[in-house]
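Me: Please take me through this structure with a close look at a single part of it. I would like the wider setting as well, with the cut-offs behind each term you use.

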Amino acid sequence: MKTYGISLTKSKFLIVYLDSDTAIPASFIETFSPQATIICFSSAEMAWGWIQVGNRADLVIANVDVGGLSVLEKLRLSKIVPAPPVILITKIITSQLQDKARRLTALDVFSIISDIDKLTMRVDYLIQKQAYLHSAARWENVDLPELKIPIWKRVLDVTVSLTVLIMLSPILLVAAILVYIDHPGPVFYSSKRVGKNYKVFDMYKFRSMRPNADKLLADMSAHNIYGTAEASPTDSTRCENCVRAGIPCQQPLFLKEKMICEREYVNAKKAKAMFSKFRNDPRVTRIGSFLRNSSIDELPQLFNILRGDMSLVGNRPLPIYEAERLTTSGHVQRFAAPAGLTGLWQVTKRGKSKGVMSDQERIQLDIQYAEKFSFKTDMTIMLRTVTAVFQQENV
């Protein structure tokens, strides 16, 4: 028996691998040893002995030529609960083998000659699925500790926001008039956001687009800087690769208690992001472009601060669909901080010519602020915000 990977911990995905060739394909070990513990056996008796005494196995990969079917049969006759899923491997797949594997409810049968990529994809899916389930279970019934805003922070918020509103009231009035004159309609735009303690509120901005901006999206492909928008997928539960291969989704993602294909979700998100960038976006009004680039469109959020929805400094309030994802991915801590007009991630890279910040970087900065915010931290961020007000990109 050989063990690859780190110690046998409960959180480590454990694979029992049965094959007479103890030199498992190097690509398999290289791919999965960082994510899983791999225990190798050269005989069916040794593999079954390990499983029979109650040792945990999250997945069994068994070579039919070394007794893989006997291990599968014993598992089905045993009372081991939960019984680990079994993937059979062999050099040549026959219809008789497929029928027997189906009767014994094997997870799948792969050829070690031609199906290595498929095997790798399936194992990766199982590892990611377990990681998701552990993460979701961890946070499913967790209530965020009620965040109490420190007195110093609330006093600072009210004092500064009220002072700025009074000082900038002429600018706010002129901006409101120009927004209406440019394209008559509501002066303010509100959207549902999630802030501290996972509370939902209406966040305000000056309207920078035409009143019917959402309806214009269908006619925007001619202005897209990336070309024509891709057609919608015919199967939202499987990506094109899975559809062509005729196999179930290999990268499931669970959103709002519904399974979708993670690859399709990511592609759709990328397409949406690309589709939102235009050389001359006809949805944005002339005054709206100026308001965005000068950040004046954000000033109505000072009213949110006065109401207590937000703070001057905090973690940026997120749209509801983004917040839902973070609560099931182990990042719910970022909501243990007030929602802010500016924050740590904004002054770290935003507005800098170098700065493309990944989602993970931003989340970690949000968590860092939630854990360590103080009067000194807030004052430092506010001072640094002044230099990052004007954005570099006009998109």
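What percentage of the contacts in the protein with a separation of 6 or more is accounted for by residues 24 or more positions apart? After that, please look closely at the open sheet: which three strands form it, and in what order?

Reply: The model is predicted, with local features needing a pLDDT of at least 70 and side-chain atom pairs counting only at pLDDT 80 or more, while totals for chains, interfaces and linings use all residues. Residues are numbered from 1 along each chain as its sequence is written, and side-chain values use heavy atoms, with hydrogens and water left out.

Residues 24 or more positions apart account for 68% of the contacts in the protein with a separation of 6 or more, a contact being a pair with heavy atoms within 4.5 Å. The secondary structure comes to 15 helices and 13 strands; these are DSSP runs numbered from the N terminus, with helices being H or I over at least four residues and strands being E over at least two. Of the 395 residues of the protein, 41% count as buried (under 20% relative accessible area, with exposed meaning over 50% and partly exposed lying in between, for a 1.4 Å probe and protein chains only). The protein exposes about 22400 Å², of which carbon and sulfur atoms supply 58%; accessible areas come from the Shrake-Rupley method with a 1.4 Å probe, and for residues only the protein chains shown count as cover.

Now the sheet. Its three strands follow the order β8-β7-β12, and their pairing is antiparallel, where two strands pair if DSSP finds at least two bridges between them. Because β8 (200–206) and β12 (318–319) stand at the edges, each with a single partner strand, one side of each is left without a neighbour in the sheet. Strand β7, which spans residues 188–194, pairs with β12 in the antiparallel sense over two bridges, and here R193 stands opposite P319 of β12.

S295, a residue other than glycine, has a phi near 65° and sits in the loop between α10 (286–294) and α11 (301–307), where it counts as buried at 14% relative accessibility. T105, likewise not a glycine, has a positive phi of about 55°, and its place is in the loop between α4 (95–103) and β6 (108–111).

In the model, residues 158–181 are 96% helix and 0% strand, and their end C-alpha atoms lie 31 Å apart. A nonpolar surface patch consists of L173, I177, Y180 and I181, which together have about 430 Å² of accessible area (patches take residues with over 30% relative accessible area and no salt bridge, joining like charges within 9 Å and nonpolar side chains, namely Val, Leu, Ile, Met, Phe, Trp and Tyr, within 5 Å). I177 belongs to helix α7, residues 169–182, and is partly exposed, with a relative accessible area of 42%.

Charged pairs come next. The structure holds eleven salt bridges, each a side-chain nitrogen of Lys or Arg within 4 Å of a carboxyl oxygen of Asp or Glu. Among them is the pair K153 and D378, at 2.3 Å from N to O, which links distant parts of the chain, with K153 in helix α6 (residues 151–167) and D378 in helix α15 (residues 375–386), 225 residues apart. K153 is buried at 1% relative accessibility, and D378 is buried at 1%. The side chains of K100 and E73 meet at 3.2 Å, N to O; K100 lies in helix α4 and E73 in helix α3 (residues 68–77), so this pair ties together parts that are 27 residues apart in sequence. K100 is partly exposed at 29% relative accessibility, as is E73 at 30%. R307 and D309 form another salt bridge, at 3.5 Å from N to O, in which R307 is exposed at 53% whereas D309 is buried at 18%. Salt bridges that share partners also join K205, E298 and R316 into one network.
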